[in-house]
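Let's take a walk through this one together. Have the sequence and the 3D view open as you read.

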Amino acid sequence: MSSLKYLVFGLLVLLAFSCSQYPKNEDIAEQLKEMSGDFNRDSLYQKVYSHNEFQPIWVKAQGVNKKGEALLSYLDEIHLEGLDKKDYLYDEIESLVSEIRETTDPEIHAVLDMMMSNSYWRLARDIDRGRVDPSKINIDWKIDPEAKKTDYYALLLDLDANKTSVQSSLDELKPENFRYDELKVLLKEALENNNGKNTKITFAGKIEPGDQHEAIPQIRKRMIQFQDLKDYNPEDSLLYDNDLEYGIRSFQARHGLNPDGVLGKDFIEAVNYQHDDYITKLKVNLERLRWLPNFVNGKDDKVIVNIPDFYLYYLSGEDTVFQSKVIVGKEYRQTPVFHSKMSYLVFSPTWTLPQTILWEDAIPAIQTDMNYLEKNRMQVLTADGEAVNPEDIEWKDVKEGEFPYMIQQEPGDHNSLGRVKFMFPNDYSIYIHDTPAEAYFEKDERTFSSGCIRIEKPVEFASLLLEDSDWGEEEITKAMKLEDEKNVNLNKNPEVWILYLTVWKDRKGVQVREDVYEGDRKLAEAMGLPVSNDFL
């Protein structure tokens, strides 16, 4: 019996001695207090640890606590948000977690706790506002990230006080936008179904339904990979048969091409992007949606122009009640991304040439051809609107900054704005307007304007905007043929969103668009994402 007592006593002494080797919370807290003093008082550490008496949030003796485990688990899944856990000190944290399992040093425990707080803070900010600041990269993005009042320091203190959890606190910061949720599903599927690198498809000329061509087997295989075509065994593998045509038309429609089944240059450009390119597109579009306010919810009417899609959509609540092809700015005169509200229409508008067009286009044309103004029914005006005889101007001596006049085009069928323009006040002189150059709407890629947005169906759009007034289609048609311009204020003022999104999902499937302004590429570079030479 006495031997058993000695054994129990010995085990208790050993246990007490072992426990004394573990750093206590007060030891880690003392280290946190000393280390926090090394940082600016506005830093994360002073704003958090000084308010919780420098108690560790994530760490316990020789390991991480449940909150720490939850943060590491969240980071393991963050790739499904289009983010990379390595940007949140994951590797460094894992290294220190392994180290504290073998050490009793409270300083290392304190360093790990601070590192995990920093990781959480960065993650909360990036989920809430986006990882990349759009103003820091060379894109024409004029929508500031939504003014959010989230206090990430307060979130950490709530977490420490067990008022919230890692998952719920971070999940609540995600965009409340069903487009975001849809892209997340697509990204998960894409990551799970990576078929590796595709062989490039090339051929000369055009291939039409019924043709035989050596590229057909490869094209058929690609359509099956894209899920535009179910797998089947063709009777003639080289024949462009009816089944393949169905898949091709589906692919063309999903990529913004004319779904005519004819294979040519546009098809080659669209079909050769790699699976990793598609994943990159999903990730950069998720990032854009983190930048944006929720533009899809709510009962208010909305006008949405998606630049790479070359379409305008009118939404009443969540229902699309009108759509029209549009033409947007050229690559060197890009239509910016911004938000405004539609306020009025101008029928039979005049057109006062913007400075860019005046100096890059009109003045050089006049210097070459003195009949340019007359041919285009333009006149020179003073700032007060008084007409000036163009023959009194020494055009060859005109210099930018020293030309006190403006050039204005008269209303009419010749007018570059067509017969109506749709106004939504903004700092970029951008509006939607009619156009006499209707042939451009037949193109798949419609980047032909100097920044403003040309609409294919101006009468129908005007009728929709004026449907709650006395203006019917007959009155609209008459107003579009006046000799002087006429302003009409709108009773309803729908929000106008000019966006740049290159991947989304609708009832027809996954829509993918070409990166016409290279916004995807620039954002991918800022996020450290891969882009191949065949990136769409």
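Which residues lie nearest the centre of the largest pocket? They are Asp309, Tyr313, Gln323, Trp504 and Asp506, out of 36 residues that line this pocket. Keep in mind that this is a predicted model, where local features need pLDDT of at least 70 and side-chain atom pairs 80 or more, while totals for chains, interfaces and linings use all residues. Residues are numbered from 1 along each chain as its sequence is written, and side-chain values use heavy atoms, without hydrogens or water.

The largest pocket holds about 1000 Å³ of space. (A pocket here is an open set of points on a 1 Å grid over the protein atoms alone where a 1.4 Å probe fits, with protein on both sides within 12 Å along at least five of seven lines; lining residues have an atom within 4 Å of a point. The volume is the space filled by probe spheres set on those points, joined across faces, edges and corners.) Its lining splits into 15 nonpolar, 8 polar and 13 charged residues, with Tyr and Trp counted as nonpolar, Asp as charged and Gly as polar. Among the elements that each supply at least two lining residues are α9 (178-192) and β5 (319-329); helices (H or I, at least four residues) and strands (E, at least two) are DSSP runs, numbered from the N terminus.

Now for a sheet. Four strands run in the order β8-β11-β9-β10, open and antiparallel, where pairing takes at least two DSSP bridges. β8 (351-352) and β10 (387-388) are at the edges with a single partner strand each, so one side of each has no neighbour in the sheet. Between β8 and β11 (residues 406-409) there are 2 bridges, and Thr352 has Gln408 as its bridge partner in β11.
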